[in-house]
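Here is a briefing for a first look. Start with the sequence and the structure below, then read on by topic.

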Amino acid sequence: MTSSILRIDASARREGSVSRDLADRIIARFPGAHVTTRDLAPGLPLIDETWVGANFTPEAERSPEQRATLALSDDLIAEVKAADTLVIGLPIYNFGVPATLKAWVDQVARAGVTFRYSEAGPEGLLTGKRAIVIVASGGTEAGSEIDFATGYIRHVLSFIGIKDVEFVTADRLALDPDGTLQSARDQIDALALAA
């Protein structure tokens, strides 16, 4: 049963955001769950040479400055670790994920922390979690050849160990807004309350 939810809002819009509205609906299906919200609309810092240097320095050898550089990444990872379910609002912008969501991925996907390399290949370390991803788009059909968002987010989540990934799609809103929203609501109503 879901007891702890990490809600990640990637929409640049706060008012009139389909992904945010549908995330509200999903959260309402889990009364009593503790919800932590990470709103990415203000943006996240991009990783840079300083960040990479700190990340590849063994933890015991990091300077105070390097620890400070990785503090946000550590906080974001702690949020994922504490949740048993992630609810991710994913608007499709120009056929892909919003830049802020990509920045979140870069902060969270860390070798030795959320995944590791083994002789069998990469192994995700954040196992036993469920992700419900709300896809909203004006014209891009989820799963189509021009959708570079859903496959990416499924792969990234699996890469860090989250293999139970479900999509609620509100795609092609520009073509049939009422029908698309009703379909998304029906998908939410059909979500299992336990993974």
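Residues 24 or more positions apart make up 77% of the protein's contacts with a separation of 6 or more. A contact means heavy atoms within 4.5 Å. This is a predicted model, where local features need pLDDT of at least 70, side-chain atom pairs count only at pLDDT 80 or more, and totals for chains, interfaces and linings use all residues. Residues are numbered from 1 along each chain as its sequence is written, and side-chain values use heavy atoms, with hydrogens and water left out.

**Overall build**

- Seven helices and seven strands form the protein. Helices (H or I, at least four residues) and strands (E, at least two) are DSSP runs, numbered from the N terminus.
- Their order from the N terminus is β-α-β-α-α-α-β-α-β-β-β-α-β-α.
- The radius of gyration is 17 Å, close to the 16 Å of the globule rule for 195 residues, so the protein is as compact as a globular protein of that length. The radius is taken over C-alpha atoms, and the rule is 2.2 Å times the number of residues to the power 0.38.
- Along its principal axes, the C-alpha trace spans about 55 × 35 × 35 Å.

**Surface and charge**

- Of the 195 residues, 44% count as buried. Buried means under 20% relative accessible area, exposed over 50%, and partly exposed in between (1.4 Å probe, protein chains only).
- The protein has 19 positive and 27 negative charges, and their mean positions are 3 Å apart. Lys and Arg count as positive and Asp and Glu as negative, while His and the chain ends are not counted. Each charge is placed at NZ of Lys, CZ of Arg, CG of Asp or CD of Glu.

**Nonpolar cores**

- The largest nonpolar core has 30 residues, and L86, L101, W104, L157 and I162 have the most contacts inside it. Such a core is a set of buried Ala, Val, Leu, Ile, Met, Phe, Trp, Tyr and Cys residues joined through side-chain atoms within 4.5 Å.
- At least two residues of this core come from each of β1 (4–9), α4 (71–82), β3 (85–91), α5 (99–108), β6 (130–136) and α6 (150–159). Helix α5 gives the most, with five residues.
- Beyond its neighbours within four places in sequence, L86 contacts L6, I8, V80, W104, R130, A131, I132, L157 and I162.
- A second, separate core has 18 residues, including I5, I132, I134 and I188.

- Helix α1 (residues 18–28) has V18, S19, R20, L22, A23, I26 and I27 buried. Its buried residues pack against β1, β2 (34–39), β3, β6, β7 (164–170) and α7 (177–189).
- Seven of the 10 residues of α5 are buried, so this helix is largely enclosed by the rest of the structure. They are T100, L101, A103, W104, V105, Q107 and V108.
- The buried residues of α5 pack against β1, α2 (49–55), α4, β3 and α6.

- T100 lies in helix α5. T100 counts as buried, at 18% relative accessibility. Leaving aside neighbours within four places in sequence, T100 contacts A10, L40, G43 and L44.
- R62 sits in the loop between α2 and α3 (64–69). R62 counts as buried too, at 14% relative accessibility. Not counting residues up to four places away in sequence, R62 touches A54, N55, T57, R67, L70 and R110.
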